[in-house]
Protein chains: 2
Amino acid sequence: MTNPSHAGSLLTVDLAAIVANWRLIAQGVAPAKVAAVVKADAYGLGAARVAPALAAAGCDTFVVATLDEGIALRTVLPEPVIFVLNGPLPGTEGEFLAHALIPVLNSLAQLTGWANFARAGSGAPAAALHIDTGMNRLGIDELELERLAGRPDVLARVRPVLALSHLACADERSHPMNAEQLARFTRLAGQLPAMPMSLAASGGCFLGRAFHFDMVRPGAALYGLNPTPDRPNPMAQVVRLQGKILQVRDVDSPRTVGYGATHRVTGPGRIATVAVGYADGWFRSLGNRGHAMLGGVKVPLVGRVSMDLACFDVSALPPEIAHPGALVDLIGAGQTVDDVAADAGTIGYEILTALGARHHRRWISGEDAA
Amino acid sequence: MTNPSHAGSLLTVDLAAIVANWRLIAQGVAPAKVAAVVKADAYGLGAARVAPALAAAGCDTFVVATLDEGIALRTVLPEPVIFVLNGPLPGTEGEFLAHALIPVLNSLAQLTGWANFARAGSGAPAAALHIDTGMNRLGIDELELERLAGRPDVLARVRPVLALSHLACADERSHPMNAEQLARFTRLAGQLPAMPMSLAASGGCFLGRAFHFDMVRPGAALYGLNPTPDRPNPMAQVVRLQGKILQVRDVDSPRTVGYGATHRVTGPGRIATVAVGYADGWFRSLGNRGHAMLGGVKVPLVGRVSMDLACFDVSALPPEIAHPGALVDLIGAGQTVDDVAADAGTIGYEILTALGARHHRRWISGEDAA
């Protein structure tokens, strides 16, 4: 629990922008339906706030990674369909049923476990079948599908409501694996009883109609990450992260800044110390590479990022703007999550899921944004 | 809230090892006292469990970064001294007093704010003074100290109980800044009224008696990170992180593994998919570089780390050991936090503070470790 006047940083999540992003995708893929991926606490943005906002806008299907995430989501979403990607760990099948969660069955072992569990109860419980088409991570592969063909008793005891697969390279429009996985998914799903199908996550939503099938499953795009890295971002920005300046210091050569003395001051200037560090998910790899926005100016991060602090060179700004108590934008209109990820040497997904617990979080709906 | 049977990963924190590390440092620096740094939720290990264990062992002084961390710690530690490194944001001074937290005053502005606040109340409230000796991050610098000398009224209204500073390069024993900062700290503190002094964090505890002054402030070393990177680690290991195998898959060329198809299978083998990903703080930079321990064997992480999953090549192990439901050690006796940090291209501090909320956490005390 954080207090806005105590907190060193403020994280603002625009729920209206998330809803707008969901609608934009829905228009693009109709008549395919759009499930919302809210795993990892809605990519760090708060599933308990994000999911109800999407449900209110008409989203009736949600996707999480783990059983505990599903149980938590069910407490705020009594009605919608909830898929759990990682499927049941042995012995947890009853929990899925108790909370009306649909497991994604990723292997013959999970499928058999679910079938055995089903036999003990009444009625065949719903499940999704994950067909691996080239990730080699989770999913029933071609060999297992052949073995499954010889076990009609297993499939008869589950109620498959969705066949799904994951694209490995959907963010690279021209990657040959996209077409290969599409063909393999169609061929392998054809060996199963007919059921709704789903292949596309955020990237796949923008690969054309052939990839949409009956349902798409965006996550990153809902939260404003660019699902088409080779083209301008079609999604609305969702996140604003502001850090408070604790102190502004006049410096001159030959001083150095921060741990390891990695930044050497070359002349008169001013350094602002901001109350955000790598313990807040402001990656240490941003040391001497990251930026913040202040007064419309992009100011460079200097020295190493500390656990609780980061320093910025604000020499370009007057003291009326760069002063203790002022807020710098770490993520916002002038610097997107994808921009920060590029500076940090990672992807926007990891910047979002790393957002720390000390940020004071607030959720707004567009019109409150000012 | 996580359930151990539902969770994809288990994080075990050995409180007895933390206490042993605190005692080892106490023996080494006596008669200097040893405060425990428990900021950032005790480096991700749970301040509400770590701090009381240390208090029970005799630690009576704790250090956090932010006001909210101080308030939270006060609820579990009614008696001990608690320093708050970032000092008061304007308007929060009353909260410090209400929770008996001692602010570290980092600038003339913070010092003046505290003095003005003190004037309004009765009695001069305790504060620590942070003297910057070369970090140029937070702290009162030489220029400000000179200005302060002309303002005896300001110092008269606070009750300074500690002068502290931070070493920039304490992890490099032979770095010339260590001696420079030591000399500057002694010289600048001499311009203030006499009071207890503190310079050393984990690294400084091992730089020799001259660096210990009246109090040392280890954090990282308490949690098992090596405070002497050029020599064997004198600290006991504290953390064990285990991930559950969800699936084991037979693979052969020409398959690829994971997003971006960055790992190419070169022959028959087996891939285990573990329920830990970068949303759990298992850094994406560990892709094709990280490892896990299983059955005494170091198994390589293959492909990219996903948000919720990571894949390991377990071809070297028989199916009786590498099977769904088995636990791999991601951090433990065979692979320390520092080892993981080296693979990830960062420092152990960031590995600890990034440990995610989905790990099922348990705290043990040595004898329960088996």
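In this predicted model, domain 1 and domain 2 of chain A bury about 730 Å² between them. Carbon and sulfur atoms give 68% of that area. On the side of domain 1 of chain A, three residues stand out: Tyr43(A), Leu45(A) and Arg49(A) supply 58% of the area this domain buries against domain 2 of chain A, more than any other three residues. The contact draws 8 residues from domain 1 of chain A and 7 residues from domain 2 of chain A. Polar links were also counted. Between the two domains of chain A, 2 residue pairs are in polar contact, both at pLDDT 80 or more. Domain 1 of chain A spans 31-223 and domain 2 spans 239-369. Their C-alpha centres lie 38 Å apart.

The largest nonpolar core has 232 residues. Val38(A), Trp282(A), Val38(B) and Trp282(B) have the most contacts inside it. In soluble globular proteins, nonpolar side chains tend to be buried together. Beyond its neighbours within four places in sequence, Val38(B) touches Ala47(B), Val50(B), Ala51(B), Phe62(B), Val63(B), Val64(B), Leu73(B) and Tyr223(B).

One of these contacts, Leu73(B), is among the buried residues of helix α4 of chain B. This helix covers residues 67-76 and is mostly covered, with 7 of its 10 residues buried. Besides Leu73(B), the buried residues are Leu67(B), Asp68(B), Glu69(B), Gly70(B), Ile71(B) and Arg74(B).

Notes: Residues numbered from 1 in each chain as written. Chains lettered and ligands numbered in written order. Predicted model: local features only at pLDDT ≥ 70, side-chain atom pairs only at ≥ 80, totals over all residues. Heavy atoms only, no water. Buried < 20%, exposed > 50% of the residue type's maximum accessible area, 1.4 Å probe, protein only. Helix = DSSP H or I, 4+ residues; strand = E, 2+ residues; numbered from the N terminus. Core = buried A, V, L, I, M, F, W, Y, C linked by side-chain atoms within 4.5 Å. Contact = heavy atoms within 4.5 Å. Domains from an automatic or database assignment. Buried area = accessible area lost by both parts, 1.4 Å probe. Polar contact = N/O pair within 3.5 Å; in protein donor to acceptor, adjacent residues only side chain to side chain.
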